[in-house]
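Walk through this model with the sequence at hand. We start with the terms, then take a sheet, a helix and a few single residues.

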Amino acid sequence: MTAEGIVGEFLSLKEETDADVLAMQCGDFYEFFADDAELVADELDLKVSQKSSHGSSYPMAGVPVDDLTPYVSALVERGYRVAVADQYETDDGHAREITRVVSPGTLLETTDAEAQYMASVVQDTDADSYGLAFADVTTGQFHVTELDGPDARDRLLSDIYRFAPVEILPGPEVRADDDLLNRLRERTDAMLTMHTAEAFAPGRARHRVREQFGRETLDSVGIEGKDAAVRAAGAVLAYVEETGAGVLASMTRLQAHGSANHVELDATTQRNLELTETMQGDRSGSLVDTIDHTVTRAGSRLLTEWVQRPRQSRGELERRQSAVAALAEAAMAREELRDLLDGAYDLERLASKAASGSADARDLRAAAETLALLPEVAQLVAETDRLADSALTEVLDRTDHDAVTELADELDAALVEEPPGTVTQGGIIAEGYDADLDEIIEEHEAALEWLETLPEREKRKTGITHLSVDRNKTDGYYIQVGKSETDAVPEEYEQIKTLKNSERYTTPELDERERDVLRLEERRHELERDLFEELRERVAARAELLQAVGRALAETDTLAALASHAVRNDWTRPELTDDRDLDIEAGRHPVVEQTTDFVPNDLRMGGAASPPAQERASGHAHDDRQFLIVTGPNMSGKSTYMRQAALITLLAQVGSFVPARRARVGLVDGIYTRVGALDELAQGRSTFMVEMQELSNILHSATEDSLVILDEVGRGTATYDGISIAWAATEYLHNTVRAKTLFATHYHELTTLADHLARVANVHVAVDGDPDGENVTFLRTVREGATDRSYGIHVADMAGVPEPVVDRSRDVLQRLREEKAIEAKGGDSEPVQAVFDLSSGQFRGGGNETAADGGGDAIRERFGDDADAVLEALAEIDVNETPPVELMANVQELQERLE
């Protein structure tokens, strides 16, 4: 085809796709033309040349056929959708067509151990519900759920945050919801792909789901009749099929997920607890990074899934615990097991690669070696008494060991020990696997041997010393003779090329042998390719078996990693209960303890299960101690104390051991946190608005079986407003929600609630130092009762605030405590006396005479005749008996009368 035709065909194919870039096969290369060439040159540092077409010159860049994959992966990882047009033979020569479109959600060739989910989001406006589907094309994982109720949108966003999809397919209704689209963009870095609306049609989606997973699956997983969920799942299947990923055969299992099975963790909680990444977005320093001692990619991926989706099933958790306990005790067997698994191939991802036809011989050879590990691992477990009696045996017995051995043996028999990287080079299939291939190989090797011995025979026959036989693409096989000896060449030598210092020749017999070699090579490579593709298809057909083995080995790796971390860090097995206890002795923060000399602390909520627990509770031994108000100085460790309680609960519901001397954990259905807040001004939400939205979500979502962590509420507004909100939220959580709650606050007024609300108790972080707040030491120890002050000025001093500011702060604080007037110093002007009004948080007045003498005449002169009545009403208020909120309201009313 002419240059004009090639470029024209490229531009025509590009119009057929909505992909950002097109790679078109031209023989042994994939070429990019025009703007696409410029783009890939900039992104991937490719060399650009020019191709002329119809009098115009087009930029062109290309990569070899066998090297396309890493370039496509690099483009997709940069956020581009890449279409691939493959070349095929026709009666008139060859043609090209787009065979696949690679996007973040359909990229199979990833080196990242983490899951790579694609999500579909559907809104059913009639039923006021949302359908969600998540599919990982690299492993075949497929999850679906339907969410309804007033908090459905928040739960949807939490699931999006948890699964962290790389690509999202919004349904037709979602595309019209700008607010939801914006929040999807905020919660994830995923590409939003506007897939055809027909894929979301209810009838078409239901047909696809039933065709893929079976007619009865919708009912068995609990989504029969839930149209939004079915539409989301069907759209994902349609997209995967239409993009040509070719992995549908590996999607063998549809799983429903929801709060009934897993602990609810909203996006705010996942972020605040730094489960998979820190507040700065780094994996290092997160919970997963701290406890991840897995030796396989699949194990690392599974551990992350467990942490992000803790379980509520006590039976499942105790099964995991028993396996971790056994592995912790059987140290030698555990390390031998980890050595066996180290570097095991990711069989779940192999199943998808085999189904798509992208798995090469090296993939299948690695799969054979990994499949062969299963019986070795099972034997090691069976021969170790402590492991044989644990749940680890059950994990390994879930697969058909005979079928695994059969497949491993077939792969081992079919493939050479070290196969080449491509299926076109030959040398893939092992001797003895196929009789026809063995015969061709024997003939081929005999022909090659004749060629290899030809130089020596010709040297002996002709007496020429500088004679060699070689081969290249241009000349084929040839005999090369140095120019100094060309006079001695026989007559049958036919000259084919003259070089500077030598001549090249061929002979009729050499030509015939070359034709034999090429014929045999072609037959060998063709037969090897056919045999390999058949083998790969048989492997793809066993996708479910591969996934089962992959999951078993991944779970074994994950359990061994948790045991290893528990042993290294002196973690203990928590007691799981169905009651509302949270009784922790010498608890620690699992991440912070890695980098500091950590001070352990006790925490006791619920019933006092033992005399030591009652002693630690300091008399609060009733079963309803469910709400702890945590007070203490800034930077003293309140946040760490509360977070460690949440993380210990979470780890217990992962099935892990926990950082404590002893722990009794009542299972929860959700963990909710409100810790700090950042401005989201771009979305029109201030710090205080974000704080209130997070509080609103907790008050709506938490149940009496939840754990709530509140680190300050109401601090973003005026003092009285803040105290009022914090007070009311405490009452609501205590009286209506009834969740286990830890509430850190600087509003010391709240500590009085412990005297009036049955399930509320005070704890504080102890401080050692002078009464005036100087020479303070934070002990990091949590004790019963409320603290006496916040020590904020001491923290300011620690932070390096200039000494004059710190000294002046101490002076102002002292005068406020003594209810004395404060001299407001200002520049060159004369000092002005002002009294700080604690109720309004403002300096009031400026007249020295009023501030100084406070006499009744001055008050009447300033505020009018009603001042006497206000003073009389003020005198009648019993501060000790009036509830704080009512007291605030009275003061506000009196102020209004004065104004």
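Helices (H or I, at least four residues) and strands (E, at least two) are DSSP runs, numbered from the N terminus. The model is predicted: local features need pLDDT of at least 70, side-chain atom pairs count only at pLDDT 80 or more, and totals for chains, interfaces and linings use all residues. Residues are numbered from 1 along each chain as its sequence is written, and side-chain values use heavy atoms, with hydrogens and water left out.

Six strands form an open sheet with mixed pairing, in the order 11-10-7-8-9-12. Strand 11 (191-192) and strand 12 (255-256) are at the edges; each has a single partner strand, so one side of each lacks a neighbour in the sheet. Pairing here means that DSSP finds at least two bridges between two strands. Strand 7 (residues 117-124) pairs with strand 10 (residues 167-170) in the parallel sense, over 4 bridges. Serine 120 has leucine 169 in strand 10 as its bridge partner. Helix 9 (residues 227-242) packs on this sheet and touches strand 7, strand 8 (129-136), strand 9 (141-148) and strand 10. Its direction makes about 140° with that of strand 7. Such angles run from 0 to 180 degrees between N-to-C directions, with axes fitted to C-alpha atoms, for helices over the stretch in contact. Contact means heavy atoms within 4.5 Å.

Next, helix 15 (residues 347-356). Buried means under 20% relative accessible area, exposed over 50%, and partly exposed in between (1.4 Å probe, protein chains only). Among the buried residues are Glu348, Arg349 and Lys353. Their cover includes strand 9, helix 12 (297-308), helix 16 (361-371), helix 22 (508-541) and helix 23 (543-569). Glycine 357 follows helix 15, with a positive phi near 80°.

Which residues other than glycine have a positive phi? Aspartate 570 is one, with phi near 60°. Aspartate 570 lies in the loop between helix 23 and strand 18 (575-577). It is exposed, at 60% relative accessible area. Glutamate 712 is another, with phi of about 75°. Its loop runs between strand 24 (706-711) and helix 27 (719-737). Glutamate 712 is buried, at 11%.

Finally, look at glutamate 514 in helix 22. Leaving aside neighbours within four places in sequence, glutamate 514 contacts Gly476 and Tyr477.
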